[in-house]
Each structure stands twice: as C-alpha cells, then as structure tokens.
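Visitor: I am new to reading structures. Could you walk me through one, feature by feature?

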Amino acid sequence: MDVMQSSESIGLPPGAITDPEYSIQVGVKHFAEVMKQAKGDVNLALQSYNFGDGFIGYALERGG
C-alpha cells in the first residue's frame with residue numbers, strides 16, 4: 001500500500017508501491033527535497049508534495 005502516495009515521485013504510476021515501509025522511505029526523501037526547493041516553507045512544500053515540485057517555482061514567482 002502506497003501510504004505516502006509517493007509512487008509518482010519516482011516516476012511510477014499512482015499506487016504502484018505496494019510496501020508501506022518503502023512508500024514512507026520514498027515519501028520522506030521526496031518531502032525533504034521539496035522542503036529544500038521551497039526554502040523551508042512548510043506550507044509550500046506540502047502543496048508541492050501533492051501538486052508536484054514544478055509548483056514551487058510557479059508559487060514563488062507569484063509571491064509564495
């Protein structure tokens with residue numbers, strides 16, 4: 001079960017990860033990456049986790 005819904009962050013189709021522990025590992029790694037890109041803005045990082053990391057540049061260009 002892809003508890004962190006992180007399959008897409010590694011290029012897999014939604015729900016492709018079936019091991020919850022692996023989903024958490026991938027999800028935490030991805031969240032750490034978006035936190036860096038979001039310059040520590042937790043709200044922006046959370047939005048980006050769901051919308052994709054391309055959202056960060058879009059949001060920052062428009063004031064965050």
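Guide: Start with a residue and its contacts. Contact means heavy atoms within 4.5 Å. Leaving aside neighbours within four places in sequence, Ser-6 is in contact with Ile-17, Ser-23, Val-26, Gly-27 and Tyr-49. Ser-6 itself sits in the segment before H1.

Visitor: What kind of model is this, and how are residues numbered?

Guide: This is a predicted model: local features need pLDDT of at least 70, side-chain atom pairs count only at pLDDT 80 or more, and totals for chains, interfaces and linings use all residues. Residues are numbered from 1 along each chain as its sequence is written, and side-chain values use heavy atoms, with hydrogens and water left out.

Visitor: Is Ser-6 buried or exposed?

Guide: Buried means under 20% relative accessible area, exposed means over 50%, and partly exposed is in between (1.4 Å probe, protein chains only). Ser-6 has a relative accessible area of 1%, so Ser-6 is buried. Of the 64 residues of the chain, 25% count as buried.

Visitor: How many helices and strands does the chain have?

Guide: Helices (H or I, at least four residues) and strands (E, at least two) are DSSP runs, numbered from the N terminus. Here there are three helices and zero strands. Along the sequence the pattern reads α-α-α. H1 covers 20–37, H2 covers 42–51, and H3 covers residues 54–61. The C-alpha trace spans about 40 × 20 × 15 Å along its principal axes.

Visitor: Which residues form a nonpolar patch on the surface?

Guide: First, the rule. Patches are made of residues with over 30% relative accessible area and no salt bridge: like charges are joined within 9 Å, nonpolar side chains (Val, Leu, Ile, Met, Phe, Trp, Tyr) within 5 Å. Now the case. Met-1, Val-3, Ile-24 and Val-28 form the patch, with about 380 Å² of accessible area together. Such areas come from the Shrake-Rupley method with a 1.4 Å probe; for residues, only the protein chains shown count as cover.

Visitor: Why does Val-3 count as partly exposed?

Guide: Val-3 counts as partly exposed because its relative accessibility is 42%. Beyond its neighbours within four places in sequence, Val-3 is in contact with Pro-20, Ser-23 and Ile-24.

Visitor: What about charged side chains?

Guide: Side chains of opposite charge can pair when their charged atoms come close. A salt bridge is a side-chain nitrogen of Lys or Arg within 4 Å of a carboxyl oxygen of Asp or Glu. A search of the whole structure finds one. The side chains of Arg-62 and Glu-61 meet in it, at 3.5 Å, N to O. Glu-61 lies in helix H3. Glu-61 is exposed because its relative accessible area is 66%. Arg-62 is exposed too.

Visitor: Which residues have a positive phi although they are not glycine?

Guide: Most residues other than glycine have a negative phi. Gln-5 has a positive value, near 50°. Lys-39 is positive as well, near 55°. Gln-5 is in the segment before H1, and Lys-39 is in the loop between H1 and H2. With a relative accessible area of 64%, Gln-5 is exposed. Lys-39 is exposed, at 70%.
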